[in-house]
Amino acid sequence: MAGEKMVSLTIEGRPVSVAEGTTILEAAKTAGILIPHYCYHPGLPIAGVCRMCLVEVEKAPKLAPSCATTVAEGQVVHVYSEKSLDARKGVLEMLLINHPLDCPICDQSGECELQDYTYQEGREDSRYREPKRFNPAEDFGGDVIYVPNRCILCTRCVRFMEDVAHEPTLNVSERGDRALIGKFEGKDLTHPWAANVVDLCPVGALLSKDFLNKARAWELDRTPSICPNCTQGCNVIMETRENQIVRMRPRANENVNAFFMCDWGRLNYRWMNEKNRIEHPMVRRDGTLSTTTWEAAISGAASVLNGKKVFVVASPMLSNESLFLLSELMQGGSGVFRVAEGEEAPLAGVEDLALRRERAANVYGAEKLGFQRTTDLLSGLGRDDVLLIAGEDLVGVDASAVSRASDVIVISSVLADAANRASVVLPIANFSEEEGTVTNLRGRVQRFTQARQAPGDTRPSWLVLGDLLGAMGKQTSFFLPSEVFARLASVNKSFAGLNYDTLGFKGLPLVDAPPTSPKSQIAVGAA
Amino acid sequence: MGFPHQSHSRETTVLSKYFGDADARTLAGWKKRGGYKALEKALDMQPADIVNVVKESGLRGRGGAGFPTGLKWSFMKPGDGKPHYLCCNADESEPGTFKDRELMRWTPHALVEGCAIAAYAIGAETAYIYIRGEFTEPLYWMEKAVKEAYDARIIGKNAMGSGKRIDVYVHKGAGAYICGEETALMESLEGRRGNPRIKPPFPAVSGVFGMPTTINNVETLIAAAPILLNGADWYKKMSLSNPKSTGTKLYSVCGNIQRPGTYEVVMGFPFKEFLYDLCGGPLHGRKFKAVIPGGASVPIQNMEEAEATLMDYEGFVAQGSMLGSGGVIVIDDAQPMVTVIARIARFFAHESCAQCTQCREGTAWTTKILERIRDGEGTMEDLDTLLDIAEQMTGKTICVLSDSCAVPVVSGIKKFRGEFEALIQGRRFHPVTAAVA
């Protein structure tokens, strides 16, 4: 950053220049070198206890823990010297002497840092001949199970609960090799962000009950996405196995969620796997809905919409792209949406990060694109308007109001009872099955990508809406969601200048979004 | 003095003069013996001048590391706008060491005075005496002395009418060896689990409550008073060998020896004469086999080394060990070395705070191997493994507890390898005759 004093040093023969106060471990990352480590995590205070990140610094009397040693001008650091390798080999051997070596039945296997570094730098055998220590597994409450035999006492979980969640729940109990992670009397991991300890655990000691024995890490396909479950817009990785989402995990973004995501968002993925889907386009013939081709359905819908005022009931789960195309369809009509609400649950140690009250991905995008937020969805429906239901399930809505509409068109993944008057039904992909962008509560536009195959003839919402606009004689030819976004950016000045390339996978704020600062780094060191 | 025995004529009793003298424990008795004169003098001096006198005297830390005390005090920058703290490390838990216990039992006011002098010298208004949890009797006397001193307005918001505030608190530990490590002591003092902190920052920059702190051993602080009264030159002259080691040192002697006790001799005193003359030599019919001269965490000396040692910081190092805390553990030829070393290792394994991998796992692993060898189940490869683990445990952790566990193992195998091999090869240990080293 500007004005910061820079320090130059050499790491593994590569010249590095970093801001004063940077640790050797972080400096090495800039040179493309990942120094093996366990207790260090950029989102947590430094503990310096695992001693895995020891490196040789020329002229220093002892090996330095690179996570806790700041860079100095002219330093020469050797990560792979004989001395450093030997020290790390020693640490690995010690970490494994009481470890059960039960990788074949361990959920962490395949994404375990103990496995990885042992393959990378460890001994091929152990010299340990004594009986191993044994402690039974323990339910830590919430979504977390603790398997002490696999624990390496890195204390990441302890520090997360204490210094990030600000709710001390875990501790190191006992001393010496009897030590294990314990819970404070009467406490459980029920904090709304507690399941992050499972991600933070570098080994298989803290496991998710939800994911327990569900899949092997190497069977998973991983897709960068956004958590659709509230307006915070935490960056996530959706992990799928055989086209089913089996886990969501946070993806680091210093402007949104740091390294974390809440338990509610994390565990609320099953709706995206649900099987009660509309799989084929349908039109009403002789009073009943029957399956048809996309061409017939689109042209049917276009003829219903043509020349009519359209009242759009949209879901705030839809992407900016789809909401934009919906707004183009209104023809003098209007659009509304409603938001499911829940209790706000902040993560105390990270600025402006919370499970938000509004439990949908794109509330702010919908507002930006001209949709009115309401609690009474159909009150604005005019007599003889066409009612266009987009992604909204209409649960709890009085269906009798629907009769005011001259016609009903459904563009959705599931068919709501209240919409059974529909003359055309266009099945669309759900959040996990298409690509697009959403806008979070601070006006940050973020991309999500397709994690699953959509069922049947289902198409992405932006494609369906683009085709519909085309069939209505509007000039559109969208082959990619990025093209829809480009059109949006060219007509809506809030989105001006943004495109998929510059958004990348960390997003950018809207032109008129209030300025926000990156999530402040957790205070470094205990004192 | 060789408490509980009669003082030996070759001792130089500066700090231990009143051991066994119950009257010295009271404020009146202590004043009668010249107590608090040094504090009175100190409060008339500039703090910087006190630091200079202590620097000049050559006084070095008596807790084990031997860091020059005056230099340590000079790290505390006056006028930095932060509260300064003094900590007295009275968590004397090094196995074999009990000199501070005797100091606090018999001369509690000396420590109050020493704390007050040091606090004034480093610009601190608060001194904490962190006392070992098991020290119930010294705790009683210390609390009594502090109360007496407060009542007599020797300490408090206007210490001895000087206008200076000096508060002294006695804080009882909960029984962890590691809380004698200075930063773990501070964590414990602040109310947390006693885990050593990463250094830097050092206590002089960020100590108790994140503020500049000086931490000294009981004996060090008590030595400050006679230095101020008698001058730096007087203290400096008490040195029989290396001029870098000055003054007197208390040794607590235990183990297989005629007269175990607490002795005070001038730096550089010959260790051989100390063991055979002052302490009375070996028990009847036995011979000395080894000495651990500075508490369980210093290298074991064989008798050849011990008998050639001049007792000061440099003298012990020259003969393969360290002065450490002055806890002399004498081992005679009736003791199997492997058992002794295994017991020491077990102590460290029990007391490891469990932060650093090498210490948590290494101390326990070392203990298991040693106990297996002791029980006749060892192999020759075990010795190489032990030495290799010891190497991994040395110089790689936050504090030196793991180094301390490795030290007796390495020095033991090096100097008494025959005993290890004999056990491994199935030869039983025969007391007295088995001195194979």
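Predicted model: local features only at pLDDT ≥ 70, side-chain atom pairs only at ≥ 80, totals over all residues.
Two strands are said to pair if DSSP finds at least two bridges between them.

In chain A, strands in the order 6-7-10 form an open sheet of three strands, and the pairing is antiparallel. Strand 6 (138-139) and strand 10 (206-208) of chain A are the edge strands, each of which pairs on one side only. Two bridges link strand 6 of chain A to strand 7 (residues 144-146) of chain A, again in the antiparallel sense. Strands of a sheet pair through backbone hydrogen bonds, and the pairing is either parallel or antiparallel.

Stepping back to the whole of chain A, the secondary structure comprises 12 helices and 26 strands. The C-alpha trace of chain A spans about 85 × 55 × 40 Å along its principal axes. Of the 527 residues in chain A, 49% count as buried. Among contacts in chain A with a separation of 6 or more, 62% come from residues 24 or more positions apart.

How confident is the predictor, and what is the average pLDDT of chain A? The average is 94, and 98% of the residues of chain A score at least 70. Among the elements of chain A, the lowest mean pLDDT, 93, belongs to strand 15 (residues 288-291), while the highest, 98, belongs to strand 24 (residues 436-439). Residues 521-527 of chain A are another matter: pLDDT stays under 50 there, and the model has 17 contacts beyond four places in sequence for this stretch.

Most residues other than glycine have a negative phi, and most peptide bonds are trans. A:K59, in the loop between strand 3 (54-57) and strand 4 (64-65) of chain A, has a positive phi near 75 degrees and is not a glycine. A:A258 also has a positive phi without being a glycine, at about 50 degrees; its place is in the loop between strand 13 (244-250) and helix 6 (263-267) of chain A. Are these two residues buried or exposed? A:K59 has 8 other C-beta atoms within 10 Å, so it is exposed. A:A258 has 26 other C-beta atoms within 10 Å, so it is buried.

Chain B brings cis peptide bonds into view. The bond from B:K199 to B:P200 is cis, with omega near -5 degrees, and a cis peptide bond also joins B:P200 and B:P201, with omega about 5 degrees. B:P200 is found in the loop between helix 8 (182-189) and strand 4 (213-217) of chain B, and B:P201 is placed in the loop between helix 8 and strand 4 of chain B as well.

Helix 9 (residues 218-230) of chain B is largely enclosed by the rest of the structure, because 11 of its 13 residues are buried. Among the buried residues of helix 9 of chain B are B:V218, B:L221 and B:I222. After helix 9 of chain B comes B:G231, with a positive phi near 95 degrees.

Beyond its neighbours within four places in sequence, B:C88 is in contact with residues including B:L111, B:C115, B:I129, B:V218 and B:L221. The largest nonpolar core has 300 residues, of which B:C88, B:L111, B:C115, B:I117 and B:I129 touch the most other members. In soluble globular proteins, nonpolar side chains tend to be buried together.

The domain assignment divides chain B into domain 1 (34-237) and domain 2 (337-424). The C-alpha centres of these domains of chain B lie 34 Å apart. Where the domains of chain B meet, 10 residues of domain 1 are in contact with seven residues of domain 2. The side of domain 1 of chain B that touches domain 2 of chain B has seven nonpolar residues, two polar and one charged.

Finally, the two chains meet through a contact that takes 28 residues from chain B and 26 residues from chain A. On the side of chain B that touches chain A, helix 14 (337-351), helix 15 (357-374) and helix 16 (380-392) of chain B each supply at least two residues. Helix 15 of chain B gives the most to this side, with nine residues. By class, the side of chain B that touches chain A holds nine nonpolar, 13 polar and six charged residues.

Technical notes. Residues numbered from 1 in each chain as written. Chains lettered and ligands numbered in written order. Helix = DSSP H or I, 4+ residues; strand = E, 2+ residues; numbered from the N terminus. Nonpolar A, V, L, I, M, F, W, Y, C, P; charged D, E, K, R; others polar. Domains from an automatic or database assignment. Buried ≥ 20, exposed ≤ 12 C-beta atoms within 10 Å, placed from the backbone. pLDDT = per-residue confidence, 0-100. Core = buried A, V, L, I, M, F, W, Y, C linked by C-beta atoms within 7 Å.
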